[in-house]
Structure formats: C-alpha cells, structure tokens
Amino acid sequence: MNAPLVPPTMTDAAARTVNLSKVYGSGETEVKALDDVTIDFERGRFTAIMGPSGSGKSTLMHCVAGLDTITTGQIFVGDIDLGTLNERQLTRLRRDTIGFIFQAFNLIPTLDALENITLPMDLAGRSADKEWLDTIVATVGLGDRLSHRPSELSGGQQQRVAVARALASRPAIVFADEPTGNLDSRAGTEILQFMRTAVDTFGQSIVMVTHDPTAASYADRVVFLADGRIVDEIQSPTAEAVLDRLKRFGA
Amino acid sequence: MLKVTLRGLMAHKVRLIATAIAVILGVAFMTGTQVLTSSISASFDKVFADVYASIDVVVRSDTKIETPFGAERTRMTDEVVPAIEDVPGVAAAEGQVVGQIRVLDRNNEPLVATQGPPNFALNWLTAPQLNGWSLVEGSAPMGPDQVVLDAKTAKDGSYAVGDNVSVLVTGGVQQFQVVGIAKFGKLETWGGAQAALFDTATTQALVGEPGKFDWISIAGKEGVSQAELRNEVSLVIPAGTEAITGKEFTAESQDAFQKIIGVFNTFLLAFALIALFVGSFVIYNTFSIIVAQRTRELALLRAIGASRGQVLRSVILEAFTVGFAASVVGVGFGILLAIGLNNLMKSVGFSGPDTPIIIPMSAVISSVVVGTVITLLSAVFPARRAATIAPVAAMRDVAVESVLTSRRRLSAGLVLLAGGAIALWFGLFGNLDSGLQLVGLGAFTVFIGMTVIGPVTAPHMARFLGWPLARFGGVNGRLARENAMRNPKRTATTASALMIGVGLVGFIAVTAQSIKVSTVEAIDQSVSGQYVVTSDGFGSTALPADVAIQIRALPEVETAAGLRGTFATVDGSNKIVIAANPKDLVKVIDFTDVDGSLADLTVNGIAASKTLAADKNLVIGQEIDATFLQGGSTTLILEAIYDTQFPIQGGGWLITTEEFNRLVPPAQQTDSSIYIELKDSSKAGIEAARPSLEAIVDAVPGANLQNLDEFKQAQTDQANQFLAIVYVLLALALVIAIVGVINTLLLSVYERTREIGLLRAVGMSRRQLRSSIRWESVIISLIGTLVGLAIGLVFGWALVKALADEGITAFAIPWAQLVIVVLLAALAGVGAALYPAWRAGRLDVLRAVSSE
C-alpha cells in the first residue's frame, strides 16, 4: 500500500504535491482534510478539481497556493519546495509566481480597474509590461472600463478584471476558486472562455476548483476528491461525463 | 431582546474598550479633581476651626475693602476692651495683630518659598483663654528683640531657644532672639503656616501700626452661648465696629479659602469636561462603526420580528451598560489619582495640613452621572441609525455608513459655525457680564460645526495631504490615501476628537506667545533703564524702602525709581494705586503726557492713565476722592493724564511716593520693584555696575537683580510655567483622541478583513500592509491637527484682539511650536497605527479568500 513516490527532480509540472496531508484537531476530534495526496498539475494545462462539499478541494488548492499550512508531505511550485520558505518568501512567491481568482471579493474597492490589475506588480515595485498588459486587457475586453472602480462594474466585469490581474504578472500558475460561482451563466461562460484562451494562446497553467460540471468541461483534466483523497480523474472531460461521475458520489 | 443585547455586548467587548477608556479617563480626572480639592478644603476648614476655636466673639471695624484676596479691614484701637470686659458673660478680651513677615534661614534666605504656605507674624496673647499657643520650651516674648517660633519653623530652620534668628520685615532684615518654641494645641503649627510670635507692641511696629489691632478676640464664660455673648457685646462697642460670633468669623475664613480652591477646582473641572467632550467623539464613532458592522445582524432581528424600539433600546442599553461600568471604574481610578496627587504634593514640599482623603458622595454621583449620560448621548445617533435599518438589509450585501447629503450637512455646519463665531464675538467684544460663558459656548459650537462639516471636507483634505503618498508612496501609499477618504464620516469624527485637543493647544500657544511678545515689546519700548530689582515677597515682605535709597546713592547710578502700590477706593471704585517719585519715574520708564505733566506731579496731585481717563471722562484739575484703608481719606487733584507701553500693574492711578507714605502705615511702605538708570549705559558700563548693585540687593532676602534681558526672560518664564501646566492638563484630551484614532483603525481593519486578506493573497507583504495602515493613521491625525491649529489660530487671534486694551498689542504665532505640534501629531499617528497594523498583519489570509 505504498504511495507512489515521485522523486523530487525536474518534472513537467507547474505545481505538484507529494504525500500531502492536512489534519485538523487531534485525537478523537481529528479530521483529515487531505489524506496523503500526491498529484501533478501539468505545465500549460487547465486542471479542474471537483468533489462534494467537504472533500478537501479548496483546502488542497489553498495549500498548493501557499495560503494554508500543511501537516505532512511536500508541495512544489515549479522547483520550489514551499516547506523551505518563510513568511516573507511565501508572500513574494504569491506575488510573483502565482495568480489568484476568487469567487467573490476579488478586487480592492478603493482602486480602479487598471490599478487592481497591476496591483501585484505595484506591490513588487515593478512596472507592468505594457504590451502584455494591453494584450490581456484586450483579451478580457475591458478597454473602456479601466478607470472605473469595482463598485461601478458589474459582477462579470469585476471577475474579468480579476482574471486580467491573475494573468498580468505572467505567473507560473493561476489558481481559481469557484471563479464562476457568483456569476450568471453568460458571464460565467465568458470568464471560462478567457481562461481557456489563456491556456491555449499563452500556455498559462491554471488550476480551478469548481462545483459546476459545465465549468469543469472547459478544463483539460478533471481530478475528483472525496474525503481528502484523490479518487478519480477524467482527461478531456465533457459536462455529461463529469456529471455522471459526480452522481456516483451520491450513490 | 435583553439576551441579544447582552450577548452582543460580550461579543463586542474588545471593540468597546476604546469607549470604556475614553469614559474612564475623563471620569477619573473629574472625580480625582473633586476628591482632591474637597479633601484639601476640608483639611483647611479644620485648620481654621482649630485656629479660632478659643474665640467666641470677634469685634472688628466695619470699614472694609474687597480685594482679590478677600476683604481687608481698617485696624482699630483696643480702647473698647475695658468696656467689653465689664460685660457679664465675658471671660477675657484682647486685641489681635496679624501680619506677614518672612523667617530666614541661616543663609539669610526665606525658609519657605513665596508659593508656599503663609508666614504670619502674631502678637502673643496674654489671656490663657484666648491664646491657643502653648510653650513647649522657653518663655513668652517680651520687648522688641524677642520672638517665639512655632515648633515646625524651629525644626525646619534648626533654631533652638537662645539662638538668634533673622526675619525680613518692612524695614529690612532684623535680628531677634528665640526665647520660646510653641505648639498650637497638639499641632506643631497652624496647618503648615509659619508663625512668629512677638509681644503686642513689637508686632504692631513690625507689621501694623502702633496702638492698632486687626480685631479684638473675646472668650465667653462657661454656659454663655456665642450668640448671647455677641448680642451683649454689641451693646457696648462704639460706632464703626461690629461684633460677630467665633463661628461666623471661622466660616468667613473658610469661605474665603473655599472661593480660592473653588476657582482651582473649576479650572481643573473644565479640563475634565474637555476630555469627556473629546471622549464623546470616540464613543460616538465606536457605536457608529459597530452599528454599521452589525447592519446584517440587526436587520435579521428586524426581519424576524423585532420592533424598531427594541433595536433602539438594545443599542441604548448597550451604551448605558458600558457607560455606567466605565464610569464606576473611572471613579475608582479618580480616587486613586487623588490619593497619588496628594502624596505627590507632600513629597515635593507643599507642606499643607495633613489631608485625609475625603470622598464626597456628590463627586461620586456627579462623575458617574456625567460619564453615563455622555456615553448615552454619544450613542443616541448611532442607535437611531440602527433602528432605521430596514429588515431587507439582511438580504443585501455589506451596508456602508450613510452620510447625510453633503449640501444639507454643509449648510447645517455653516450655520453652526456662524452661530459659534457670533457668540464668540459678543463674548469677547460685547462687554457682557456673561462674556466668558458666551466664549465657551461659542467655542463649543464652532467645534461642533466643524465636526458637522467634517465629512464634507475630510475627503478633500485626505486627498490633498495624501497626494505625496499616492505620488511617491507606491501602492501602499495610494491605498492609505484611499482608505482615509473612503469613509468620510469616520475619518472626520476621528480627526475631530484630535481637532479639539490640538485646537485648544494652538489657541493657548498663540495667546501665550502674543502675551510674551507684547510684554517683551512693551519692556523694550518703554523701559529706558538698564537694571530692575524685583522681589518674590509682597506687602510688608517686599523691598524695604531703604533699598532704592542705597541704590540711588551709588556713584554709577543716575536714577533709581521704586514702584509701590496698595488697594484703595479711588473715585468710587476699588483699584490698586501705584506710587513713585515722578521725576525719577519718567527717567527710567517712557511716559507720554496726554494732558498735564507727569514729571511735575505734586504731593496733592494724582495722575490717571489714558484709558482710565477716557473711561471715566476725567479732566485735568478735577478733584478725585481717595480712601486708603489703613490711612484715611484725602482729596487729590488730577494733574496729569499719561500714556505708556509699560505693563504697569494696577488700575491706572498714580501718586507720589511722598503722599503714599503719608496715607499708608509704615508696614506697607515697601517697593514691589525698582528701575535703575545708570550713568554709563554702554555694555561695559552695565557690567561694571553689577557688583555694587548686587552687594545691595543680595543683602535683601527674596530680592533679585536683573538686567533688561534677564527681566524679559523672567517675565516670559512666568508665562511658560503656566503654559506647561495647561499643556499637561490638555494632554489627557489628546491621549483620549489618540485612543480614538487607534480604535477607528482597529475597527476599520476588522471591517476590512477580507480586503486585507485579498491584498495579502496577491502578494502584499506584512511590511507593506503595516505601512499602508500607518500612513492612513498619519493622514487622519494630520487632518485633525491642521484643522485644530487653524481654529486655534483664529480663536487666539480673536482673544488677542479682545485683550488689546489690556496691553496685549502684538499677535504672534509661535511657528516653531506649531511645527512641533504637527510633527508630534504625525508621530502620534504612527504610534496609534502600531497595534492596528500589527493586528492586520496577523490576520488569517484564508478568512478573506474562503467563500462564506
């Protein structure tokens, strides 16, 4: 019953975990949020993580993104072992190497759209690559809205700004946590198409947590979690195939 | 609903700490002040009661003059004593003489400072029923060279029976032989005062007039009540005198002292109220923010059936609980504060009577009531806002604090400002009896007006002040500016608390600076002499008349003019009349003759200042009636009307020294200051004259020789001392305002948890986050400080204009001090942000990014 050991050498993974476990509490009240998870998120691909509530999918993403602590195991983003980083280095990693898209409250209300997009670069004290920025802004179609504050944008527009921000600093990997959860289906579809374009056109690596089989169908690969373990995965999924697989969790 | 309130209270207790601190500090100050002053006054009451315990009836003159130090009465002879002794109920009657002297130590320096307890000279009473002093050692004083000292003075100066002791009296320093040491009852002395007892004739010669007494003390036989005795004595005393009971006499002294300590008490209470006023802003802000943050919770309560009244009462009850509890704690701290201050005063040598701490119930009740009511009032508006939350808000996203539409707010604020300014104007320039109250009301209204306008102006100020940050401070600077602007009401209220404290500091600083500059300018322009001699004694212990004479006799000296003064009734009102030798005076101080000639003032003449002459429509040649309490009445001719820049003390009347000496007894014939004109006024000449001047001045205890620079410095130092005390008292209000800044930042950080989490998630370092919060704090602090200083400057300017008649001619701004205030405010902003920024840095990033 030995877990497959992946040697910590160069792989083609943008991020990966090795025997990752996360335990809350101890003794009687011990809860295993993640139980010995070993997974690669390949470079240049779009991976979706699915599973019932409480399966640990959000926890997995938070751990890999360096937002949450782990109990045992290893996490690599590129070649960097997150376990060897201190608070400050983790912050810098998040700023420079990782992009984030959240379900809600994705923007700083006091900054306008453009300032929100360049926020990670501003924090790093770097200036944005103008050409790249223009490309991104054009891709997400925000040209005339850049000087608006978040409160003046619709939910879909806000999420497009968030996508642009996640892509703007050319991160090694983008993590998206239910990015379409708060949007109607049309706005949601737009966001998913942008993410798909980013993967296909710019070779961006993306990991997305979602509940929605349609959203998952935009990914190259869907990984299923249950009770903190990886239980299955589907390559080149369709919405129907994902739905079928999900139904079996209920059975 | 009660349960919900109490649960809410427990859940928000951390957020209510600032409210509690604001109330506790203000209430503690208020209680402490009252406990301290009532303890002091109670102990002095006891001293007076002890001192006059043996007196059953007092007979004294009914001619008196009111001075700021209480009523002064004409002295009387003791011719009436035999008649009083014939009254059946009288056991003994004897005249009492009281005056001021200074007992010196072996280095010829006064044993106690001017600011210390009084130094009494008393005549030794021979009737044992009347004399409260009992000899511990030695014998009663007899003849012109003998003195009995109180046990404490003897101990302090280590004088024993048989020693010689020097005493500063009107004629100069005089030597006496200590023949006895006495205690007053069980006490070493009268409540800290210094007492030197001489025989009656000596006492009269030293501090009074031969054959005259201040009053006659009478002891009754056993079984005769004080009232009966007074009625009997009243029948035998001559016209111009009155008889009162010992109780009434004691009560008069107690009341006079109560009045002085009452002023002190009011002065301190004013600062306690300022602190509470500032605190009310902190309380208001806390409740506003808590209500805003609980919008959803309160809306949910409404949605499930809670009435508006219930929500309102819930918030009010919360405020009441916090206010009451904090007030009670504040009273406790206040009592501790009073005990601490009392001990401190003892340890720094304020040797008042032993002061047992007295806690008046009225102080406790008033402090608790004021603390609770202020909390309640400050919470009323937030509570009303809570009650108007619609149930549907429970279903909406986070609600923002609503701001009254700018236009209505602006006009309301402007109306308040205008009203305040008008009240100030009439208070200062209207010559009204209630001027001071009107000024206070005006200032209060102006502050409220500024607070109402605050939310309209605060974002603009934040944008302006934050410009360099946004331009050069990177994204954290930009965020700091935006955050300071995003909630105008919150920023404005927080800044307002600071504004009031700083406004008062600025006001005091400008006024004090103007007074200092005016004084220095006046001295520069009007004093043509080179040296001034001053004394820290007054009345009979000021500069002996001989000093000016000795100085005038020095070869280096051209002229020396001594100024002396006393209270007198001139032309129908009580004023201080100044006396000098006019020919000498005009040489050392510049006077302009408006009419007549001051230099030619004669013995029968009197001069008036320009202002006085204008007020009273005086004309040269007019007859002026003057009554000197201890000297009698005379009629003088107005011979000169003068004008001068010199800050001459008194009411503007000036007479010759010769006439003065004719009108007042020798004990008052002392100079309060002497101005000296040298023959050689070059720098070298001034320095060369110093040694011979010093030789004369150093021989006089309490006298100081100052050249003009030193004289100006001494005048300025006095103002600085007062300034320092006021600043210390205002510090409390500033501390509360800073607590308010900390509190607002903490609550804002709490409110922005998700936002901060997002910033951290996308790569903001803790350091950047902290710097952002720090700058936000600095912007808020600077808004309060700059607005406060601006208001302070305007208030100061108005007061200086109003005081133009009092010789405050210059309006001066202490720029360096104001810059320091601004820097301190910025620093306080940084300090206030320390804890909130640290908290923000510790926030769990995940809380922001996990969906609800």
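Two strands count as paired if DSSP finds at least two bridges between them. The model shown in every view is predicted.

**The hairpin of S17(B) and S18(B) has two residues between its strands.** Strand S17 covers residues 557–570 of chain B. Strand S18 covers residues 573–580 of chain B. The two run antiparallel and are joined by seven bridges. One pair to look for is B:Thr569 with its bridge partner B:Asn574 in S18(B). At the turn, B:Asp571 takes a positive phi near 50 degrees.

**Strand S17 of chain B also pairs with S25(B) and with S21(B).** S25(B) lies antiparallel to S17(B), over six bridges. Here B:Ala560 has B:Ile676 of S25(B) as its bridge partner. Strand S21 (residues 623–628) of chain B is joined to S17(B) by three bridges, again antiparallel. In that pairing, B:Ala568 is bridged to B:Phe628 of S21(B). S17(B) is mostly covered, with twelve of its 14 residues buried.

**B:Tyr675 sits in strand S25 of chain B.** The strand runs over residues 673–678. Is B:Tyr675 buried or exposed? Within 10 Å it has 27 C-beta neighbours, so B:Tyr675 counts as buried; the threshold for that class is 20 or more. B:Asn707 is 32 residues away along the chain, with 9.9 Å between its C-alpha atom and that of B:Tyr675.

**Six strands of chain A form an open sheet with mixed pairing.** The order is S6-S7-S8-S3-S9-S10. Strand S6 (98–101) and strand S10 (229–235) stand at the edges. Each has a single partner strand, so one side of each is left without a neighbour in the sheet. On average, neighbouring strands are turned by 20 degrees against each other, direction ignored. Inside the order, S7 (residues 173–177) and S8 (residues 206–209) of chain A pair in the parallel sense over four bridges. A:Phe175 stands opposite A:Val207 of S8(A). Helix H5 (residues 155–168) of chain A lies across S6 and S7 of chain A. H5(A) runs at about 175 degrees to S6(A).

**A:Asp244 lies in helix H8 of chain A.** The helix spans residues 239–250. The cut-off for exposed is 12 or fewer. A:Met195 is 49 residues away along the chain, and the two C-alpha atoms are separated by 24 Å.

**The contact between the chains takes 27 residues from chain A and 21 residues from chain B.** On chain A, helix H1 (57–64), helix H2 (87–96) and helix H3 (113–124) each supply at least two residues of the side that touches chain B. H2(A) makes the largest share, six residues. By class, this side of chain A has eleven nonpolar, seven polar and nine charged residues.

**Domain 1 and domain 3 of chain B have centres 25 Å apart, taken over C-alpha atoms.** In the domain assignment, domain 1 is 1–56 + 243–402 and domain 3 is 455–525 + 709–852. Their contact takes 21 residues from domain 1 and 24 residues from domain 3. On the domain 1 side, helix H2 (17–51) and helix H7 (246–293) of chain B each supply at least two residues. H7(B) gives the most, with 13 residues. The domain 1 side divides into 14 nonpolar, five polar and two charged residues.

**Residues 728–843 of chain B are 84% helix and 0% strand.** The end C-alpha atoms of this span lie 37 Å apart. An unreviewed UniProt entry lists 270–391 and 728–843 of chain B under "domain: ABC3 transporter permease C-terminal". For orientation, chain B has 852 residues, of which 47% count as buried. Its secondary structure comes to 25 helices and 26 strands. The C-alpha trace of chain B spans about 100 × 70 × 50 Å along its principal axes.

Definitions and conventions. Residues are numbered from 1 along each chain as its sequence is written. Chains are lettered from A and ligands numbered from 1 in the order in which they are written. This is a predicted model: local features need pLDDT of at least 70, side-chain atom pairs count only at pLDDT 80 or more; totals for chains, interfaces and linings use all residues. UniProt positions are given in the numbering used here, feature names are shortened, and annotations may be inferred rather than shown by experiment. Two residues are in contact if their C-beta atoms, placed from the backbone, lie within 7 Å. Ala, Val, Leu, Ile, Met, Phe, Trp, Tyr, Cys and Pro count as nonpolar, Asp, Glu, Lys and Arg as charged, and the others, Gly among them, as polar. Domain bounds come from an automatic or database domain assignment. Axes are lines fitted to C-alpha atoms, for helices over the stretch in contact, and angles run from 0 to 180 degrees between N-to-C directions.
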